[in-house]
Each structure stands twice: as structure tokens, then as C-alpha cells.
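Here are my notes on the model you sent. Please read them with the structure open beside you.

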Amino acid sequence: EEMASACNPAAPTQPALPSGPAVFKTIPYAFILPEILCGTWVWILVAATTVSFPLLQGWVMYVSLSSCLISLLLLISYLFGFHKNSENWKVMDSLYHGATAILYMSAAVLQANATIRSETGPRSPLYYQLNSAASFFAFITTFLYILHAFSIYYQ
């Protein structure tokens, strides 16, 4: 019986997708909570400026809020093990985070533009500081989404 198993080498197994608290200890899944937190800060900081540039900051708020909600659903799915260790979840996760990284990069650039425009104008010191902080968090969040999307391939 041992000889039969030695003659048939097993196919390499993929690492199991984490469930429960292991999600917070496993790269790239540990990036989900910081993505949500930094994205929430983007939304809060832009909202605090009373959205001075609706065309620019409307997109920033849409991207940050929708990404936070979808990432939260993804985190809950991993915590409760809805993935059932399916390989399709890795593909879906990578595609979602890659697409979101691109959307967040566009939002971060638009937020940086809004920051530059808010340097002069009514309530400029306060709005400039809020917009600067929102730009900072938007670029950090973009970086986290990029790290998450690419680190799936290096597991």
C-alpha cells in the first residue's frame, strides 16, 4: 500500500484559503481590513470638506464608499468561510482588487487635483488640510489594493 502511494506522486496542493481569525494573519488577506479603514478615512475626510468640487470629489466618494462596502462583504465572506476553499475565489479576489486599485488610482489623482484647487478659496486652510489628508489616504489605499492584487500570485 505504501509502495502504491510512492509510485503516484500527489499533485501539488494549493494553500488553503483562510477562514475565521486566520484571515488577519495571512497575506494578502490581512490587507483587507487596512483597505477598509483607509478607504473609510478617504470618504470621511472628503465628506468633511462638504464636497467643494462635486465632479472630482463625487467620483472619489463613490469609489471609496463602494470599495469599502464590497471589501467589507469580502472580509465577512472570508471570516465565515463562504469560499469553501474554492480556487475561483482567488481569481475573483485578484480581479476585484486589481480593478479596484485602478479605480482608486483615478480617485486619488482626482482628489490630489481637488487638493491643489482648494489651496486658495473660501475656508482654504481647513479644506486644504482635509483634502491633503484625503489625498494621502487615497494613495495609501491604492497601494494596499495593488499589494493585495499582486501578492495573491506569490503565495
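1. A term first: two residues are in contact when heavy atoms of theirs lie within 4.5 Å. Leaving aside residues up to four places away in sequence, Ser77 touches Phe82, His83 and Trp89. Ser77 itself is part of helix H3.

2. Is Ser77 buried or exposed? Its relative accessibility is 13%. Buried means under 20%, so Ser77 counts as buried.

3. Keep in mind that this is a predicted model. The protein has five helices and zero strands, and its pattern along the sequence reads α-α-α-α-α.

4. Two packed helices are described by the angle between their axes and the distance between those axes. For helix H2 (residues 32–48) and helix H3 (residues 54–79), the axes come within 9 Å and cross at roughly 150 degrees. Angles over 145 degrees count as roughly antiparallel, so H2 is roughly antiparallel to H3. The crossing of H2 past H3 is left-handed.

5. Which residues form this contact? On the H2 side they include Ile32, Leu33, Ile36, Trp43 and Val46. On the H3 side, Val60, Met61, Leu65, Leu72 and Tyr78 are among them. Sorted by class, the contact of H2 with H3 has 15 nonpolar, five polar and one charged residues.

6. Some totals for the protein: 40% of its 155 residues count as buried. Of the contacts between residues at least 6 apart in sequence, 76% join residues at least 24 apart.

Definitions and conventions. Residues are numbered from 1 along each chain as its sequence is written. This is a predicted model: local features need pLDDT of at least 70, side-chain atom pairs count only at pLDDT 80 or more; totals for chains, interfaces and linings use all residues. Side-chain values use heavy atoms; hydrogens and water are left out. Axes are lines fitted to C-alpha atoms, for helices over the stretch in contact, and angles run from 0 to 180 degrees between N-to-C directions. Helices (H or I, at least four residues) and strands (E, at least two) are DSSP runs, numbered from the N terminus. Angles under 35 degrees count as roughly parallel, over 145 as roughly antiparallel, 65 to 115 as roughly perpendicular and the rest as oblique. A crossing is left-handed if the near helix is turned anticlockwise from the far one by less than a right angle, and right-handed if clockwise. Ala, Val, Leu, Ile, Met, Phe, Trp, Tyr, Cys and Pro count as nonpolar, Asp, Glu, Lys and Arg as charged, and the others, Gly among them, as polar. Buried means under 20% relative accessible area, exposed over 50%, partly exposed in between (1.4 Å probe, protein chains only).
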